[in-house]
Amino acid sequence: RLIVMSQTYRQSATVSEDLLQRDPENRLLARGPRHRLDGEIVRDAVLSASGIMSSQMNGPSVRPPQPAAVTGFAYGNTKWNAAKGDSRYRRSLYTYSKRTAPFAAFTVFDAPSGENCTARRNRSNTPLQALTMMNDEMFLEFSRALAFDVVASNKSDSDRMIEIVRRLTTRPPGLEELEWLLEYQQAQLSRLKKGELKASEILNAKEGSNELASWVILARAVMNLDETVTK
């Protein structure tokens, strides 16, 4: 706590060209840390922002949703039965790990398989990470939960937008960003009304509101920003 509350740790990650040349590795701690979160923390960050993270402590490992093929082609052809209820939304610390088929979302974000001791993880930036954040059922559930919660608050569109951005990036959007986001949400609403997108598929329900579905799409987009998964 003393470290993270210190002035050194809390300073901006912005760096000038001169300082970058003099201290490229930030060994003198002249700027704040800036790097992508670890795979497990990426999930925990957006899970917490969605408002559905379970506070349950201890107990056996659980299986969050992931594509069946991940374990279907692994040794033993083990079925991945996704957890139900609050267990589905427990912290990543409790996610079940299979050595021959590690949890897919974590692997995409460079989490080790657990077969060897890893002193330092590699960090990459690949299209597969964006595809996972946009299309994995687990992250879709988080974006739905966030959108449902924000829309249920009966706030104005601008206030809803600010709430979504604050939860995911820990800061309010600027005026220009707010305009872009509102324009994007309205564009998605128009596509839904034209039938280019189906609200029922986005909301994973037999019937769905176009308005609500447009906010789910927006929450998913903000969730996929580089700033959301960067410390």
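User: Which residues form a nonpolar patch on the surface, and about how much accessible area do they have together?

Analyst: This is a predicted model, in which local features need pLDDT of at least 70 and side-chain atom pairs count only at pLDDT 80 or more, while totals for chains, interfaces and linings use all residues. Residues are numbered from 1 along each chain as its sequence is written, and side-chain values use heavy atoms, with hydrogens and water left out. Accessible areas come from the Shrake-Rupley method with a 1.4 Å probe, and for residues only the protein chains shown count as cover. Here the patch consists of Ile3, Val4 and Met5, with about 300 Å² together.

User: How many helices and strands does the protein chain have?

Analyst: Helices (H or I, at least four residues) and strands (E, at least two) are DSSP runs, numbered from the N terminus. The secondary structure consists of 11 helices and zero strands. The C-alpha atoms occupy a box of roughly 55 × 55 × 30 Å along the principal axes, and 36% of the 231 residues count as buried.

User: At what angle do α8 and α11 pack, and in which hand do they cross?

Analyst: Axes are lines fitted to C-alpha atoms, for helices over the stretch in contact, and angles run from 0 to 180 degrees between N-to-C directions. A crossing is right-handed if the near helix is turned clockwise from the far one by less than a right angle, and left-handed if anticlockwise. Helix α8 (residues 157-169) packs with α11 at about 35°, the axes being 10 Å apart, and the crossing is right-handed. Residues in contact (heavy atoms within 4.5 Å) include Ile164 and Leu168 in α8, and Trp215 and Ala219 in α11.

User: What does Ala219 contact beyond its neighbours within four places in sequence?

Analyst: Ala219, in helix α11 (residues 210-223), is in contact with Ser143, Leu146, Ala147, Ile164 and Leu168. Ala219 counts as buried because its relative accessible area is 0%.

User: Which residues does Ser214 touch, again leaving out those up to four places away?

Analyst: Ser214, likewise placed in helix α11, touches Gln185, Gln188, Leu189 and Leu192. Ser214 is buried, since its relative accessibility is 0%.

User: What is the phi of Asn26, and what is that of Asn58?

Analyst: Phi is near 55° in Asn26, a positive value in a residue other than glycine, and about 65° in Asn58, which is not a glycine either. Asn26 lies in the loop between α2 (17-22) and α3 (39-50), and Asn58 in the loop between α3 and α4 (69-72). With a relative accessible area of 14%, Asn26 is buried, whereas Asn58, at 55%, is exposed.

Technical notes:
Patches are made of residues with over 30% relative accessible area and no salt bridge: like charges are joined within 9 Å, nonpolar side chains (Val, Leu, Ile, Met, Phe, Trp, Tyr) within 5 Å. A salt bridge is a side-chain nitrogen of Lys or Arg within 4 Å of a carboxyl oxygen of Asp or Glu. Buried means under 20% relative accessible area, exposed over 50%, partly exposed in between (1.4 Å probe, protein chains only).
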